[in-house]
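Please look over the sequence and the model below before reading on. The report that follows goes through a surface patch, an aromatic pair and the pairing of strands.

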Amino acid sequence: MPAVTIENPLTLPRVAAPAGARTRPVLTVNTAPSGFEGEGFPVRRAFAGIAYRHLDPFIMMDQMGEVEYAPGEPKGTPWHPHRGFETVTYLLDGTFVHRDSHGGGGVINDGDTQWMTAGSGLLHIEAPPESLVMSGGLFHGLQLWVNLPKSDKMMAPRYQDIGGGRVKLLTSADGGALLRLIAGDIDGHQGPGVTHTPITMIHVTVSPGAEVTLPWRADFNGLAYALAGRGTAGAESRPFHMGQAVVFGEGDALTIRADESQESRSPNFEVVLLGGLPIREPMMHYGPFVMNTHAELAQAFEDFQAGRLGTIPADAL
């Protein structure tokens with residue numbers, strides 16, 4: 001799990017919650033069920049079973065892999081539509097190629113993020129490059145869906161290519177955790193991702209036995225998902241491990257601790273932290289469309305069938 005790393009985190013700016021900050025309690029710990037997506041790549045449904053009132057403005061998140069493909073096995077998704085939200089694809093291992101009917105696209109590798117605002121609608125495809133299909137190899141990443149408020153649902157589509165080198169690197173007070181700030185801000189530090197809905201997204205690597213307590217906006221929700229390893233969350237040290245999501249309660253600080261002993265395949269505790277300002281609007285989700293009403297979902301489907309969400313580029317047919 002290389003993502004973006006640094007040999008000595010103590011050279012980085014340090015982040016710590018202020019004295020007297022109220023640490024958020026843990027409300028629930030959920031285990032993600034496994035399934036398949038697209039053309040058959042394995043996923044864990046990170047937020048399955050969690051009530052939307054705890055997730056808002058996030059809709060869903062899939063952990064893609066971790067899987068070691070044999071030659072000829074790598075899989076992606078076929079061309080498909082989206083409307084009304086944003087997709088955030090964060091790659092830890094492997095390579096993915098994105099194209100969409102609005103002209104956006106690019107190649108992402110270890111530590112890169114692609115941020116696609118579907119808005120009024122488009123078609124897109126995500127697939128491994130031909131070279132990876134031929135060779136096989138390790139593939140591991142996340143895809144997060146972020147809702148858009150009603151006022152932005154029909155905005156023009158937009159694509160952001162966030163290379164791993166642009167991610168803001170920070171560390172905890174004692175240097176025991178490496179923070180990769182992908183979007184949002186924390187303690188005055190800003191991530192590169194431009195968001196319509198105010199959110200924070202951080203990939204944290206916590207060394208065995210280390211603890212990190214971060215300041216967290218009191219008006220944001222708080223979520224954690226373990227990509228690898230094991231540890232605890234909250235002041236009450238609630239255990240969670242790879243494939244489990246934590247929902248935090250109210251407060252203005254968030255605590256994660258890594259167990260002293262970790263898995264041999266993953267020497268550190270790898271966690272994604274998410275927070276966002278709830279939109280608090282009706283959310284209707286049907287397949288690739290996220291709108292406010294059933295009528296809007298029906299219109300999205302009708303527009304897709306009529307070709308009004310874009311067409312597959314001629315050179316991709």
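## Surface, rings and strands

Phenylalanine 304 is partly exposed, with a relative accessible area of 32%, where buried means under 20% relative accessible area, exposed means over 50%, and partly exposed lies in between (1.4 Å probe, protein chains only). This is a predicted model, in which local features need pLDDT of at least 70 and side-chain atom pairs count only at pLDDT 80 or more, while totals for chains, interfaces and linings use all residues. Residues are numbered from 1 along each chain as its sequence is written, and side-chain values use heavy atoms, with hydrogens and water left out.

Phenylalanine 304 sits in helix α3 (residues 294–305); helices (H or I, at least four residues) and strands (E, at least two) are DSSP runs, numbered from the N terminus. Together with Tyr286 and Phe301, Phe304 forms a nonpolar patch on the surface, with about 300 Å² of accessible area for the three together. Such a patch is made of residues with over 30% relative accessible area and no salt bridge, with nonpolar side chains joined within 5 Å; a salt bridge is a side-chain nitrogen of Lys or Arg within 4 Å of a carboxyl oxygen of Asp or Glu. Accessible areas come from the Shrake-Rupley method with a 1.4 Å probe.

The structure also holds two aromatic pairs, and rings count as a pair if their centres lie within 6.5 Å, with planes under 30 degrees apart called stacked, over 60 edge-to-face and the rest tilted. In one of them, the rings of phenylalanine 85 and tryptophan 145 have their centres 4.4 Å apart and their planes at 35°, so the pair is tilted. This pair links distant parts of the chain, since phenylalanine 85 lies in strand β7 (residues 85–93) and tryptophan 145 in strand β12 (residues 137–147), 60 residues apart. Both phenylalanine 85 and tryptophan 145 are buried, and in β7 nine of its nine residues are buried.

Strands of a sheet pair through backbone hydrogen bonds, either parallel or antiparallel, and two strands are taken as paired here if DSSP finds at least two bridges between them.

| Strands | Bridges | Direction | Facing residues |
|---|---|---|---|
| β7 and β12 | eight | antiparallel | threonine 87 and tryptophan 145 |
| β7 and β10 (residues 113–117) | five | antiparallel | valine 88 and tryptophan 115 |

Strands β18 and β25 belong to an open sheet of eight strands, in the order β1-β14-β15-β18-β25-β20-β23-β2, with mixed pairing. Its edge strands are β1 (14–15) and β2 (26–31), each of which pairs on one side only.

Methods
Rings of Phe, Tyr and Trp (its six-membered ring) pair if their centres lie within 6.5 Å; planes under 30 degrees apart count as stacked, over 60 as edge-to-face and the rest as tilted. Patches are made of residues with over 30% relative accessible area and no salt bridge: like charges are joined within 9 Å, nonpolar side chains (Val, Leu, Ile, Met, Phe, Trp, Tyr) within 5 Å.
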